[in-house]
Amino acid sequence: MAAQNCLVANDWICWDYVTSRSQELTDATLEHIWITCVSVLIGIAVSVPLALLARRGRHWAAPVLGLTTLLYTIPSLAMFSLLLPVFGLSAALVVTGLVLYSLTILVRNVLAGLEAVPEDVREAARGMGYGPGRLLWQVELPLALPALLAGVRIATVSTVALTTVGSIVGKGGLGNLIAPAVNSSFKAQVLTASVLCVLLALVADLLLLGVQRLLTPWTRAGARPAASPSSPPSPSSPPSASASAAAPAKEA
């Protein structure tokens with residue numbers, strides 16, 4: 001009887017709400033996941049070129065880092081208002097705002113990872129005939145993965161939370177349930193949607209942690225020790241393989 005009356009009693013925990021609104025909760029969760037994933041992926045694609053630009057020197061680093069930091073300080077309502085004439089009331093408006101917010105974290109982490117690559121590793125790669133493009137993709141970016149993925153984890157969790165703000169234009173995923181429920185004091189809806197949002201952040205972080213451990217095995221404790229410096233690498237192996245086994249092991 002209590003379970004049937006929890007909606008009428010406006011209880012915080014109400015399983016009857018979950019079962020009766022299961023489709024609505026599923027749709028909001030899927031929209032939340034879609035907006036978060038698209039925003040983070042675009043953020044990564046934009047942050048790498050910006051980090052490469054910032055690495056060219058102080059004349060580029062200061063404007064790039066300053067601009068991305070400035071964007072993060074803009075309130076979400078003001079950000080969406082500025083983007084509204086361009087994108088209208090659409091999901092693209094929310095995604096663009098989230099991408100701009102994620103750049104503060106992603107650009108700095110990508111830049112930190114690239115700058116942490118030892119110079120002797122770069123020189124060794126150049127000595128083996130690696131051009132700038134090959135050096136970047138096969139040596140520098142693999143060695144920068146720990147910092148890059150750490151930034152992706154932070155940006156993803158932050159984006160999961162910020163996506164709810166998109167409810168002001170009707171594209172906020174679980175935020176579409178939280179905002180009206182807060183105004184109407186619908187406790188079960190507020191708690192359920194909020195818990196789902198927290199669970200999404202936790203699951204996303206754990207999945208990305210697994211990806212990070214899979215792609216950067218040298219950062220794990222108890223990883224196989226690096227080869228002795230006295231033994232030269234095999235001529236058939238690229239410098240990125242030998243470098244990723246040696247240089248990051250010192251940091252761990």
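**Thr159**

I started with Thr159 and looked up what it touches: Thr36, Ser39, Val40 and Leu98, leaving out residues up to four places away in sequence. Touching here is contact, meaning heavy atoms within 4.5 Å. Thr159 sits in helix 8 (residues 132-162). Helices (H or I, at least four residues) and strands (E, at least two) are DSSP runs, numbered from the N terminus. Is Thr159 buried or exposed? Its relative accessibility is 2%, so I wrote it down as buried. The scale is: buried under 20% relative accessible area, exposed over 50%, partly exposed in between, with a 1.4 Å probe and protein chains only. I also checked Val99, which is 60 residues from Thr159 along the chain; the two C-alpha atoms are 8.6 Å apart.

**A note on the model**

This is a predicted model, in which local features need pLDDT of at least 70 and side-chain atom pairs count only at pLDDT 80 or more, while totals for chains, interfaces and linings use all residues. Residues are numbered from 1 along each chain as its sequence is written, and side-chain values use heavy atoms, with hydrogens and water left out.

**Leu148**

Helix 8 also holds Leu148. Leu148 has a relative accessible area of 13%, so it goes down as buried. Residues up to four places away aside, Leu148 touches Asn109 and Val110. Its C-alpha atom is 6.4 Å from that of Gly113, 35 residues away along the chain.

**The whole chain**

I stepped back and found 11 helices and 0 strands in the protein chain. Of its 252 residues, 38% are buried. Among contacts with a separation of 6 or more, 72% are between residues 24 or more positions apart.

**Helix 5**

Which residues of helix 5 (residues 76-87) are buried? I got Met79, Phe80 and Leu83. They are on the same side of helix 5, because they cover an arc of only 90° around the axis. That arc is taken from the directions from the helix axis to the C-beta atoms. Leu77, Leu82 and Pro85 are exposed on the other side of helix 5. The buried residues of helix 5 pack against helix 4 (58-73) and helix 6 (91-115).

**Helix 3 and helix 4**

Next I looked at how helix 3 (residues 22-54) meets helix 4: their axes come within 7 Å and cross at roughly 140°. Axes are lines fitted to C-alpha atoms, for helices over the stretch in contact, and angles run from 0 to 180 degrees between N-to-C directions. Helix 3 and helix 4 are therefore oblique to each other. In this scheme, under 35 degrees is roughly parallel, over 145 roughly antiparallel, 65 to 115 roughly perpendicular, and the rest oblique. Leu50, Leu53 and Ala54 of helix 3 make the contact with Trp60, Ala61 and Val64 of helix 4.

**Ser185**

Most residues other than glycine have a negative phi. I found Ser185 in the loop between helix 9 (175-184) and helix 10 (187-215). With a relative accessible area of 48%, Ser185 is partly exposed.

**Cysteines**

How many disulfides are there? My count is 0 disulfides, a disulfide being a pair of cysteine sulfur atoms within 2.5 Å. Cys37 is partly exposed at 41% relative accessibility, whereas Cys197 is buried at 12%.
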